[in-house]
Amino acid sequence: MRAPLCVTSVFFFLFCYLYELSSSKSVFYSPESLTVSSNQTLVSPGNVFEIGLFKPNEYISRWYLGIWYKEDPKRTSLWVANRVKPLTKPVGILKFFGNNLVLFEQDNIPVWKTNLTGGGVSSRMVAELFDNGNFVVKDSSDPEGYLWQSFDSPTDTLLPEMKLKMTTYSSEDDPR
């Protein structure tokens with residue numbers, strides 16, 4: 001006896017929904033928004049790094065957008081976006097606003113952005129997490145040109161492919 005078509009359809013849609021929940025994304029595009037939390041994250045394609053919300057310890061109720069090694073159960077942060085203004089709740093929204101990627105509190109209050117200046121992006125914007133731990137924002141028509149990248153604003157951990165930029169004084173009395 002064959003299952004009725006409606007039962008088969010329900011199982012198919014349930015399978016697709018569960019697959020979507022279990023599959024990991026490493027990229028999202030404008031005008032999409034991405035809800036981030038401790039269990040809603042972006043994962044690099046090779047499951048090396050993860051970006052999402054974490055809190056430094058269980059006694060602190062401040063939440064930060066950060067990158068950590070996917071297999072690290074402690075979620076030791078390697079890069080933190082919103083150090084200055086943490087979230088007060090364990091959910092945030094990442095979305096493109098103009099040419100910037102912005103992290104919003106649930107009440108649509110911005111707490112961090114990429115600070116890109118200028119305009120002229122003619123196609124969809126892309127945010128992507130790579131297997132080297134670099135989180136980038138780029139124009140989808142230029143896959144190699146990054147408009148912003150986390151590697152340019154390291155926090156307190158240097159990853160293997162990061163380049164440390166040092167500036168020197170022009171002279172002893174001129175720090176330009």
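Q: Which residues of E11 are buried on each face?

A: Buried means under 20% relative accessible area, exposed over 50%, and partly exposed in between (1.4 Å probe, protein chains only). Here Phe135, Val137 and Asp139 on one side of E11, and Val136 and Lys138 on the other, are all buried, so both faces are covered. Strands (E, at least two residues) are DSSP runs numbered from the N terminus, and E11 spans residues 135–139.

Q: What kind of model is this?

A: It's a predicted one: local features need pLDDT of at least 70, side-chain atom pairs count only at pLDDT 80 or more, and totals for chains, interfaces and linings use all residues. Residues are numbered from 1 along each chain as its sequence is written, and side-chain values use heavy atoms, leaving out hydrogens and water.

Q: Which way does E10 run relative to E11, parallel or antiparallel?

A: Two strands pair if DSSP finds at least two bridges between them. E10 (residues 125–129) and E11 run antiparallel, joined by five bridges, with Glu128 opposite Val136. They form a hairpin with five residues between them, and Gly133 in the turn has a positive phi of about 95 degrees.

Q: How many bridges link E11 and E12?

A: Three, again in the antiparallel sense, with E12 covering residues 146–149. Tyr146 is the bridge partner of Lys138, and a hairpin of six residues connects E11 to E12.

Q: What is Phe135 in contact with?

A: Contact means heavy atoms within 4.5 Å. Leaving aside neighbours within four places in sequence, the contacts of Phe135 include Leu42, Ile51, Leu101 and Trp148.

Conventions:
Helices (H or I, at least four residues) and strands (E, at least two) are DSSP runs, numbered from the N terminus.
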